[in-house]
Amino acid sequence: MIFIIPHISVYNILPNLPLTALRAFEAVVRLRGFGRAAEELGVTQSSVSQHVKVVEE
């Protein structure tokens, strides 16, 4: 028996999610803080928070 598994890509699952929002979200999780993520990304903490909000919605 042969099973065909369709190709699933992150682009199919999250087609309208901006890459900057994903980067901000990843940095917050990895660095365990909005302030640290903002410092690493070179943006304000408010900007990071707004990007994370986009990911959550």
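A nonpolar core is here a set of buried Ala, Val, Leu, Ile, Met, Phe, Trp, Tyr and Cys residues that are joined through side-chain atoms within 4.5 Å, where buried means under 20% relative accessible area. The model is a predicted one, and the largest core of this kind in it has seven residues, namely Ala24, Ala27, Val28, Ala37, Ala38, Val48 and Val52. Three helices, α2 (19-31), α3 (34-41) and α4 (45-56), each supply at least two residues of this core, and α2 gives the most to it, with three residues.

**Overall make-up**

- The secondary structure of the chain comes to four helices and zero strands, so that the order of elements, read from the N terminus, is α-α-α-α.
- Of the 57 residues in the chain, 19% are buried.
- Among the contacts in the chain with a separation of 6 or more, 40% are between residues 24 or more positions apart.

**Packing of α2 against α4**

- The axes of α2 and α4 come within 8 Å of each other and cross at roughly 105°, which makes α2 roughly perpendicular to α4, given that angles of 65 to 115 degrees are counted in that class.
- On the side of α2 the contact is made by Thr20, Ala21, Leu22, Ala24, Phe25 and Val28, and on the side of α4 by Val48, His51, Val52, Val54 and Val55.
- Sorted by class, the residues of this contact of α2 with α4 divide into nine nonpolar, two polar and no charged.
- Ala24, which is one of the residues of the core, touches Leu41, Val48, His51 and Val52 when residues up to four places away in sequence are not counted.

**Packing of α3 against α4**

- α3 and α4 pack at an angle of about 105°, with their axes 8 Å apart, and these two helices are therefore roughly perpendicular to each other.
- In this contact Phe34, Gly35, Ala37, Ala38 and Leu41 of α3 meet Gln45, Val48, Ser49 and Val52 of α4.
- By class, the contact of α3 with α4 has six nonpolar, three polar and no charged residues.
- Val48 and Val52 of α4 take part in this contact with α3, and Val48 and Val52 are also listed in the contact that α4 makes with α2.

**Salt bridges**

- The structure holds two salt bridges, and Glu26, Arg30 and Glu40 are linked by them in a network.
- Arg30 forms a salt bridge with Glu26, in which the closest N and O atoms are 2.6 Å apart; Arg30 and Glu26 both lie in helix α2, four residues apart, or about one turn of the helix.
- The side chains of Glu40 and Arg30 likewise meet in a salt bridge, at 2.6 Å from N to O, and this pair links distant parts of the chain, with Glu40 in helix α3 and Arg30 in helix α2, 10 residues apart.
- Arg30 counts as partly exposed because its relative accessibility is 44%, a value that falls between the limits of 20% for buried and 50% for exposed.
- Glu26 also counts as partly exposed, at 38% relative accessibility, and so does Glu40, at 44%.

Key: Residues are numbered from 1 along each chain as its sequence is written. This is a predicted model: local features need pLDDT of at least 70, side-chain atom pairs count only at pLDDT 80 or more; totals for chains, interfaces and linings use all residues. Side-chain values use heavy atoms; hydrogens and water are left out. Buried means under 20% relative accessible area, exposed over 50%, partly exposed in between (1.4 Å probe, protein chains only). Contact means heavy atoms within 4.5 Å. Axes are lines fitted to C-alpha atoms, for helices over the stretch in contact, and angles run from 0 to 180 degrees between N-to-C directions. Angles under 35 degrees count as roughly parallel, over 145 as roughly antiparallel, 65 to 115 as roughly perpendicular and the rest as oblique. Ala, Val, Leu, Ile, Met, Phe, Trp, Tyr, Cys and Pro count as nonpolar, Asp, Glu, Lys and Arg as charged, and the others, Gly among them, as polar. A salt bridge is a side-chain nitrogen of Lys or Arg within 4 Å of a carboxyl oxygen of Asp or Glu.
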